[in-house]
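Visitor: I would like to learn how to read a protein model. Please take me through it feature by feature.

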Amino acid sequence: MTVTTPSAARPKSWARLPFSPWHLLLAPLALVFAIPLIWLLLSSVMTDAEINRFPPALWPSGIDLGGYRYVVGNAMFPRWFANSLIVSAVAVVSNLVFGALGGYAFARMRFAGSRLLMGLMLATMAIPFQLTMIPTFLVMKRLGLIDTLGALIVPSLVTPFAVFLLRQFFLSLPRELEEAAWMDGCSRLRVLFLIVLPMSRPALSTVAVLTFLTTWNDLTWPLIAINHDTQYTLQLGLTTFQGLHHTKWSAVMAGNVLTVLPVLLAFLFAQKSFVQSITSSGLKG
C-alpha cells in the first residue's frame, strides 16, 4: 500500500514557487492589516485641506511636511518624547529584573502557598484597569507622586504577565545545568543571572518588547495622574494638538507617525525572539 506524504500530495506547480503557498493567503491579509499604517503615513504628508476633504483624498497631491515641522517645532515635544522614553525604559528594566526573580522563584522553588500565590497573581490579570484606577491614584497621592513621572513608573515596575511568561519559559529549560552549578557552590542568584538568563533571551526580549509597547502607548493613566505639561508623555502631549473647535490633523498624523516608529522598530528587531519565546513557553504547569 502506498502512503501519500504531504509533500507528495502537493501539486507540482506549487513546488516550483520560490516561496511557501501560504504566502498567497498571508500577503493579502498582511496588506489589509497594514492599510491603517499606510493611511497614517500618507496623511502625515498631506495638508489639512486634503485631510478634511470629502470624499477624502486617497493620495497626497504633493509631499507637505508642515505637520512634521509643527510637531518638531513645538518646544515641549522633545520633553514629551524624553518623558515617554524614561518611563518606558525604567518599566522595561524593572520588569526584566523583578519578573525574572519572581518567575524563577515560582518555577524552581517550592514554598508554602506558592501555587495559591501564583493563582492569585494570575487572577489579577483578569481585573480591568478601570477597577484599580481609583485605588492606584489614592496610593500615588499618598506617596506624593501625583503629577510626577514616578506616578507613571511605580505602577509599572512589575506586571503579572512578565512573571508568568518568564516562569513558563524557565520551566522549559533543563535542570541539569542548574544542578551542576549548585554542586559547584553557586547560589540561586548566581545560577539565575549567569546560567538561566543567558538561555532565556527570547523570553526576555518578548517581555521587553511587550512592556515597552504597553508603557509607550499608555494614555489613560497619564491622563489621570499628570496635570502639568512638563510631565506629559508623548501620547498625552499629542492630545493637545486637538482643539475644541479646530484640530490640526496634519500635526496629529505626523506626531502619531513619530510615536509609532520606535515601537515598530523595536518589534521588527525582536520579532524572531518574540516568536521563539511564545513557541517555547507553551502552557507547561
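Guide: Start with one side chain. Arg-108 is buried, as its relative accessible area is 7%. Buried means under 20% relative accessible area, exposed means over 50%, and partly exposed lies in between (1.4 Å probe, protein chains only). This is a predicted model, in which local features need pLDDT of at least 70, side-chain atom pairs count only at pLDDT 80 or more, and totals for chains, interfaces and linings use all residues. Residues are numbered from 1 along each chain as its sequence is written, and side-chain values use heavy atoms, with hydrogens and water left out.

Visitor: Which side chain does Arg-108 meet in a salt bridge?

Guide: A salt bridge is a side-chain nitrogen of Lys or Arg within 4 Å of a carboxyl oxygen of Asp or Glu. Here Arg-108 pairs with Glu-178, at 3.0 Å from N to O. Glu-178 is also buried, with 1% relative accessibility. The pair links distant parts of the chain, 70 residues apart: Arg-108 belongs to helix α6, and Glu-178 to helix α11 (residues 176-183). By this rule the count is 1 salt bridge.

Visitor: How many helices and strands does the protein chain have?

Guide: Helices (H or I, at least four residues) and strands (E, at least two) are DSSP runs, numbered from the N terminus. The protein chain has 17 helices and 0 strands. Of its 285 residues, 35% are buried.

Visitor: What does pLDDT say about the protein chain?

Guide: pLDDT is the predictor's confidence in each residue, from 0 to 100. The average for the protein chain is 82, and 86% of the residues score at least 70. Contact means heavy atoms within 4.5 Å. Where pLDDT is low, the predicted coordinates should not be read in detail.

Visitor: Which residues touch the most other members of the largest nonpolar core?

Guide: A nonpolar core is a set of buried Ala, Val, Leu, Ile, Met, Phe, Trp, Tyr and Cys residues joined through side-chain atoms within 4.5 Å. The largest one has 33 residues, and those touching the most other members are Val-71, Trp-80, Leu-152 and Phe-241. Helix α16 supplies the largest share of this core, 6 residues. Leaving aside neighbours within four places in sequence, the contacts of Val-71 include Phe-77, Phe-241 and Leu-258. A second, separate core has 18 residues, among them Tyr-104 and Leu-166.

Visitor: Where is Val-260 placed, and is Val-260 buried or partly exposed?

Guide: Val-260 is in helix α16. With a relative accessible area of 33%, Val-260 is partly exposed. Patches are made of residues with over 30% relative accessible area and no salt bridge; like charges are joined within 9 Å, and nonpolar side chains (Val, Leu, Ile, Met, Phe, Trp, Tyr) within 5 Å. Val-260 is one of the residues making a nonpolar surface patch of about 730 Å², which also includes Leu-37 and Phe-269. The most residues in this patch, 7, come from α16. Accessible areas come from the Shrake-Rupley method with a 1.4 Å probe; for residues, only the protein chains shown count as cover.
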